[in-house]
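Here are my notes on this model, chain by chain. Please read them with the structure open.

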Amino acid sequence: MRLLWLLAARDLRQAWASAGLWLPVAFLLLVASLYPFAVGPDAALLGRTGGGMLWIAALLASLLPVDRLVTPDRDGGVLDQIALRGIGEEMVVIARLAAHWLGFGPPLMIATLPAAALLKLDGAIIVRLEIGLLIGTPALAALGLLVATLTAGLRSSGALAGLLALPLAVPLLIFGAGTLGDGSGAALKFLGAASLLLVAITPFAGGAAIRAGRE
Amino acid sequence: MTGAALRLTNLACLRGGRMLFRGVNLALAAGGGALLTGPNGVGKSSLLRVVAGLLPAFAGTVERTGSIALTDERLALDMEAPLARALDFWAKLDRADGQAVARALDAMALTPLADVPVRMLSTGQRKRAMLARVIASGAGVWLLDEPGNGLDTASTALLGAAVAAHLAAGGIVLAASHQPLPIDAPVTLALADYGEEAA
């Protein structure tokens with residue numbers, strides 16, 4: 001537990017120092033402010049489509065920090081130094097996932113509030129959007145981290161990460177945006193299931209990817 | 001760190017379809033040091049990584065008692081952090097005592113630079129910072145990959161003193177270098193092509 005805390009605290013500090021935390025937030029706000037220009041100022045149309053638009057923005061925003069999640073520490077020898085100390089790669093990925101979500105999920109949820117105001121979303125939709133993001137952002141963080149471990153050390157890893165992550169993110173988008181118009185809560189349960197699955201496999205798949213990428 | 005031991009038996013390394021070395025045998029007891037020599041590309045760094053457990057051995061075994069510390073060409077310190085805090089992260093992972101970083105900084109004459117961000121350090125200072133990380137780790141087995149590169153005469157003396165102190169305290173040093181180093185090394189392991197080992 002102490003180990004997990006040490007690793008996660010460092011990861012969070014690194015994210016803060018590299019100013020990478022603002023990127024997804026700025027991206028979400030930018031998309032939300034551009035969208036009304038593209039579809040026109042029709043409040044009814046914006047209200048009906050804005051929630052789904054924000055889900056797409058959140059999904060794409062989750063790809064922005066992928067570059068800095070694993071590659072700098074791999075190239076800098078940090079991952080090797082951690083492995084030398086007998087710490088498993090799975091532990092590294094769990095700590096990184098926790099730190100990455102903390103630096104990505106809550107800021108994105110806060111940024112959603114002004115973004116929702118820009119799109120004239122009503123209160124009920126905003127509540128559903130926030131609940132959906134609370135459940136969905138761990139999955140987006142896990143997915144981003146997973147493709148970051150898989151593509152670390154490859155050339156043009158950023159573009160490859162996008163190609164890898166987007167198909168895997170489709171269920172999250174369907175269920176996430178589905179929660180907005182669905183009163184039964186089924187979409188929310190599916191979103192939760194998809195999120196649990198991604199968060200559960202990321203430490204093992206990511207750990208194996210880091211080990212396999214060592215040369 | 002007493003009780004450190006390292007034994008390589010018939011070790012071989014295959015990388016990229018090429019046999020870098022084979023039949024490497026080495027036994028070091030507490031207080032033992034070894035110097036790896038050989039031309040570029042002969043597999044010195046690979047041998048250190050195999051010993052560290054970061055690369056799989058193609059054949060042979062590595063038996064090790066005691067924890068390891070490794071320096072290679074990569075700094076592995078957070079660039080934006082002040083030097084002392086960057087070292088402190090590793091010292092905490094190593095469960096070193098509270099003064100370990102201060103002592104290591106002192107041993108490498110880096111104490112005046114403790115508050116300077118790592119990215120501002122020069123090449124030689126970075127090399128010394130890596131060595132400070134090794135010293136602070138309290139590990140029994142030191143694996144040093146070209147520790148003397150980029151060091152001036154005074155810093156090379158500090159390196160020699162640190163190695164001597166580590167050996168005197170019962171540690172083990174395995175250093176790879178193509179430069180002569182001020183290491184009092186009883187065993188020299190020359191890696192020739194196709195590993196006709198000298199030791």
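1. A term to begin with. Two strands count as paired if DSSP finds at least two bridges between them. The model is predicted.

2. The E1–E2 pairing in chain B. Strand E1 (residues 5-15) of chain B is joined to E2(B) by seven bridges, and the two run antiparallel. One contact to look up: Arg7(B) has Ala27(B) in E2(B) as its bridge partner.

3. The sheet in chain B. Three strands form an open sheet in the order E2-E1-E4 (chain B), with antiparallel pairing. Its edges are strand E2 (18-28) and strand E4 (59-65) of chain B, each of which pairs on one side only. On average, neighbouring strands are turned by 20° against each other, direction ignored.

4. The helix on the sheet. Which strands does helix H1 (residues 44-52) of chain B touch? Helix H1 of chain B packs on the sheet and touches E1, E2 and E4 of chain B. The direction of this helix makes about 120° with that of E1(B).

5. The fold of chain A. Chain A has ten helices and zero strands. Along the sequence the pattern reads α-α-α-α-α-α-α-α-α-α. The radius of gyration of chain A is 18 Å, close to the 17 Å that the globule rule gives for 215 residues, so chain A is as compact as a globular protein of that length.

6. Extent and burial of chain A. Taken along the principal axes, the C-alpha atoms of chain A fill a box of roughly 60 × 35 × 30 Å. Of its 215 residues, 44% count as buried.

7. Contacts in chain A. Among contacts with a separation of 6 or more, 83% are between residues 24 or more positions apart.

Key: Residues numbered from 1 in each chain as written. Chains lettered and ligands numbered in written order. Predicted model: local features only at pLDDT ≥ 70, side-chain atom pairs only at ≥ 80, totals over all residues. Helix = DSSP H or I, 4+ residues; strand = E, 2+ residues; numbered from the N terminus. Rg over C-alpha atoms; globule rule 2.2 N^0.38 Å. Buried ≥ 20, exposed ≤ 12 C-beta atoms within 10 Å, placed from the backbone. Contact = placed C-beta atoms within 7 Å. Axes fitted to C-alpha atoms, helices over the stretch in contact; angles between N-to-C directions.
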